[in-house]
Amino acid sequence: MSSRVLLLRRLGRLKETNRRWKETVFKMDVGSQREQNSGPIIPQLSKYHVDDDTNRERDDEPVIPLNPIETPNPLTLSALPHDLLRSIFERLSFADFHRAKIVCSTWNSISKQTVPKEIRSPWLILFPDDGVNGCVLYNPDEDRIYKSVRDFSGTIFLANSGNWFLVMDSKSNLYIIDVFSENRIDLPPLESLMSDNFTFERKGDKKFRWQVTNLPDALIVRYPKAEELRGLLWVDEKTEEFVAVWFFEYSCNFLAFHKKGDDHYRHIQLQSVLLPDVFVSVSDIVLRGYFLYIARSTDYIQILDLSKQQGFEDVTQNDSFNMLSRSGPWGYQIILRIVVTTSGEVLVVINNLYETNIESRKSFRLFKKDPIPHPNKHYNSLVEVDSLGDEEALLLDLGITVPGIEPNSIYFTRYDRVFHQWDLRESNLDICVFNLETKTLKRFPSLSDMKLKDARWFLPCI
C-alpha cells in the first residue's frame with residue numbers, strides 16, 4: 001500500500017481524535033516530547049472557539065478510517081517520503097504546522113526545509129481580567145483562541161518581538177520566552193545594572209533602592225516598585241541576537257539595556273540626576289533593531305545605537321523635529337506616538353479614539369518631517385501622510401511598520417503602551433484595526449464579551 005494512502009489514513013485518525021477535544025491547548029511543557037538532537041520543538045497547538053456559534057468542528061473534510069488489518073507492515077511516520085511531507089507541510093495552517101513539528105525529529109527537520117503559508121494577520125495576546133492562566137492567544141484569521149496550560153498568572157508581559165516576549169515573574173526576575181516553543185532566555189537580575197553615577201539594589205521581590213553617588217553634596221534616593229517597570233524588546237529570529245530595554249516609569253531617570261552575550265545591564269542617562277522625574281519630558285520610546293528612538297517633548301527625536309561593543313552611541317541628527325501642538329489638529333488634547341518604518345523614517349501618529357463615542361468620527365492621522373524645511377524655522381515642520389504604501393502596515397503596540405500583512409492598516413490596542421496616561425479614562429483598551437485608505441475601523445465582535453485587562457498585537461514567526 002502506498003505511503004501516501006498510509007499518511008492520509010493516519011491524518012484521518014488524528015482528525016477523529018481532534019473532534020473529541022472541545023477545549024484544547026497549546027502545550028508548553030514539552031520536555032518529554034523532545035528527541036535527542038532534534039532541535040527546538042514547538043509545543044502542540046490546539047484550539048477552541050470563542051463562542052458557542054463558532055465552537056463547532058468543521059465537517060468539510062472526510063474522515064478516512066484506519067483499518068490496521070489492511071496494513072500488516074505499516075511504515076513509521078518518520079519513514080514517509082520527505083518530498084511528500086514537504087508538500088503537506090506547505091499546505092498546513094499556522095497552528096497545524098506547529099502541531100506537526102512535534103510529531104518526531106524527522107518532521108521537525110522537514111518543517112525547517114519547508115516554506116510555510118504566509119501569515120496574513122498579526123495575532124493578539126490577550127490578558128483576561130479573571131487571571132486564568134495569565135494569557136490566551138487570538139488568531140483573527142481563524143477567529144479562534146488558543147489557550148495555554150502553562151500558568152502565566154503572576155507574570156507581567158512587558159514587551160514583545162515576533163514570537164518572543166519580555167516577561168517579569170512574581171519575584172521581579174526578567175526573561176524572554178517564545179510563546180510557541182517555550183524556548184526561554186533568562187536575563188541578568190535587575191540589580192546587575194552597572195553605573196558610575198548611582199547604585200541600584202534589590203529590596204525584596206517587589207521593591208528596589210536607587211541612590212545617586214556622583215553628587216556628594218546631594219542625597220537623592222528613590223525606591224522604585226516592580227509595578228512601575230516598563231520594557232522594550234527586539235529579537236532577530238534568524239541570528240537570535242536580541243536587545244532588552246527596561247526602565248522605571250516614575251522613580252528613576254535612566255534606561256537600562258541588555259544584549260545577547262552580556263552578563264549585566266548597561267545604563268543610559270537621560271538627563272541630569274537632579275531631575276529624577278525625567279520621563280515627564282519623554283512622550284514615547286521605540287526600539288527597532290539596535291536603534292532606540294526617544295521622542296522628547298522638547299521637539300526632537302533622540303536616536304541611540306545600542307550595537308556598539310562598549311555602551312552605545314548617540315546618532316541623533318542635529319535638526320529638531322516639530323512634534324505638533326498638544327492641542328492637535330482636532331482642536332483638543334491628543335496622544336502622540338512615534339513609529340519607525342522599515343526604511344528608518346520616523347512618523348508621528350495621533351488618534352482621537354478616546355475623545356469621541358461616535359464610531360464614524362474615530363480616526364488616526366500620520367505625519368512625517370517636511371522634506372523641504374522652512375529656511376526661517378529652526379525646526380522641521382510636519383506634513384501629513386495619507387498612505388503607508390502598498391506593502392506596509394503599522395503595529396502601533398511596537399511602534400514599527402511591517403511588510404507582508406494587510407497594507408495601510410494600523411493595528412491598535414491602547415493609548416499608553418509605554419507610558420501610563422493617568423489623565424485618560426479608567427479603561428483605555430480599544431482593540432481595533434484602522435484602514436488609512438478607507439478611513440474605517442475594524443472590530444472583533446467575538447472578543448466583545450471578554451473582560452480584558454490588557455492585549456498586545458504581535459506578528460508570529462514560523
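Student: Which residue is the bridge partner of V235 in β14?
Tutor: F242 is the bridge partner of V235 in β14. Strand β14 (residues 242-248) and β13 pair in the antiparallel sense over 7 bridges. Strands here are DSSP runs of E, at least two residues, numbered from the N terminus, and two strands pair if DSSP finds at least two bridges between them.

Student: Before we go on, what kind of model is this?
Tutor: This is a predicted model, where local features need pLDDT of at least 70 and side-chain atom pairs count only at pLDDT 80 or more, while totals for chains, interfaces and linings use all residues. Residues are numbered from 1 along each chain as its sequence is written, and side-chain values use heavy atoms, with hydrogens and water left out.

Student: Thanks. What is the strand order in the open sheet with β13?
Tutor: The order is β13-β14-β15-β16, with antiparallel pairing. β13 (229-235) and β16 (266-269) each have a single partner strand, so one side of each has no neighbour in the sheet.

Student: Switching to rings: how many aromatic pairs are there?
Tutor: A search of the whole structure finds 28 aromatic pairs. Rings of Phe, Tyr and Trp (its six-membered ring) pair if their centres lie within 6.5 Å; planes under 30 degrees apart are stacked, over 60 edge-to-face, and the rest tilted. One of the pairs is F198 with F254, which is stacked at 4.7 Å centre to centre and 20° between the planes.

Student: Why does that pair tie together parts that are apart in sequence?
Tutor: F198 lies in strand β10 (residues 198-202) and F254 in strand β15 (residues 254-259), so the pair joins parts that are 56 residues apart in sequence.

Student: Is F198 buried or exposed?
Tutor: F198 is buried, with a relative accessible area of 4%. Buried means under 20% relative accessible area, exposed over 50%, and partly exposed in between (1.4 Å probe, protein chains only). F254 is buried too, at 0%.

Student: And how are F364 and F434 arranged?
Tutor: F364 and F434 form a tilted pair, 5.4 Å centre to centre with 40° between the planes. Both F364 and F434 are buried.

Student: Last one: where does the charged end of R184 sit?
Tutor: The charged end of R184 sits over the ring of Y175, 3.6 Å from its centre. That label applies if NZ of Lys or CZ of Arg is within 6 Å of the ring centre and within 35 degrees of the ring normal.

Terms used. Helices (H or I, at least four residues) and strands (E, at least two) are DSSP runs, numbered from the N terminus.
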